[in-house]
Amino acid sequence: MRKALLFSIEGKRSMSKRLAFVYLLLSVLFFCCSTGQEKPEIRWVTMEDIVSSLENQQPMRVGFDVDDTTLFSSPGYYYGQQKYSPGSNNYLEMEEFWNEMNNGLDEFSLPKECARRLIEFHKNRGDAIYFITARWKTETETVTELLAKIFNLDDINDVIFTNLKSKAILANNIQIFYGDSDGDIRAAIEAGIRGVRIMRAGNSTHRPYPEYGSLGEEVLVGSGF
Ligand SMILES: [Mg+2]
């Protein structure tokens, strides 16, 4: 009798363990499925999509961020970090670094192919091109000259150095802004214009990587290089 009672208690215990396990499994499955559904789908666009979206549209003003959008400039940043603050990002707060970066280190920056294609397309459309960067403003800079040379831009507008990109977008009546950072896309949203995300190269020193498409923006396919 006592044995039977013990067996029945054991049975109930193992049954509750099994139920608890099934419950846990179902919760995990539910969590995975529901978070999967909540993630918005990325709005991928190709170069062709951008071209056809602007068909029959009047020439306009378009803007580009510089680092990781127009130029793969990680070599200059890597050099600056080694020289001024190995292992930390303190170099980004040093005027000496920005003086070097804005006055020659872009000789080691590689133009991004996606930027080359986009700039060529906008140039042929007769659009005015602006470059807006959050780099520190320095007394002198050679970035404008370098961009003009790399992308064959005669009459280039001086690169705009500012932390307030949305203001610069509005002040210059820019209608499309291309950028890699959340800050770029937010600036476009704030200014009420079209923001297109450019992806960072896989070996960019700018980490962490943003979550492409997380702000509901268009993301250019293949823009990692
Ligand atoms: Mg950038």
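User: Axes are lines fitted to C-alpha atoms, for helices over the stretch in contact, and angles run from 0 to 180 degrees between N-to-C directions. At what angle do helix α3 and helix α4 pack?

Analyst: The model is a predicted one. Two packed helices are described by the angle between their axes and by the distance between those axes. For α3 (residues 74-84) and α4 (residues 95-102), the axes lie 10 Å apart and the angle is about 150 degrees.

User: Are α3 and α4 roughly parallel or roughly antiparallel to each other?

Analyst: Angles over 145 degrees count as roughly antiparallel, and the angle between α3 and α4 is about 150 degrees. The crossing of these two helices is right-handed. Relative to each other, α3 and α4 are therefore roughly antiparallel.

User: Is Y91 buried or exposed?

Analyst: Y91 is placed in the loop between α3 and α4. Apart from its neighbours within four places in sequence, Y91 is in contact with G80, Q81, Y84, S85 and F97. A residue counts as buried if 20 or more other C-beta atoms lie within 10 Å of its own. Since Y91 has 20 such atoms within 10 Å, Y91 is buried.

User: How far apart in space are Y91 and G80?

Analyst: G80 is one of the residues in contact with Y91. In sequence the two are eleven residues apart. In space, from C-alpha to C-alpha, Y91 and G80 are separated by 6.7 Å.

User: Which strands stand at the edges, each with a single partner strand?

Analyst: Seven strands form an open sheet with parallel pairing, in the order β1-β9-β8-β7-β2-β5-β6. A strand at an edge has a single partner, so one of its sides is left without a neighbour in the sheet. The strands in that position are β1 (43-45) and β6.

User: Which strands does helix α5 touch where it packs on the sheet?

Analyst: Helix α5 comprises residues 113-125, and its direction makes about 145 degrees with that of β5. Where α5 packs on the sheet, the strands it touches are β2, β5, β7 and β9.

User: How many of the six residues of strand β5 are buried?

Analyst: Strand β5 (residues 128-133) runs parallel to β2 (residues 61-64), to which four bridges join it; F64 has F131 as its bridge partner in β5. β5 also pairs with β6 (residues 160-161) in the parallel sense, over two bridges, and there T133 is partnered by F161. Strand β5 is largely enclosed by the rest of the structure, because the number of its six residues that are buried is five.

User: Which residues of β7 point the other way from I176 and Y178?

Analyst: In a regular strand the side chains alternate between the two faces of the sheet. In β7, I176 and Y178 point one way, and all four residues of the two groups are buried. Those pointing the other way are F177 and G179.

Notes: Residues numbered from 1 in each chain as written. Predicted model: local features only at pLDDT ≥ 70, side-chain atom pairs only at ≥ 80, totals over all residues. Buried ≥ 20, exposed ≤ 12 C-beta atoms within 10 Å, placed from the backbone. Pairing = 2+ DSSP bridges. Parallel < 35°, antiparallel > 145°, perpendicular 65-115°, else oblique. Left-handed = near helix turned anticlockwise from the far one by under 90°. Contact = placed C-beta atoms within 7 Å.
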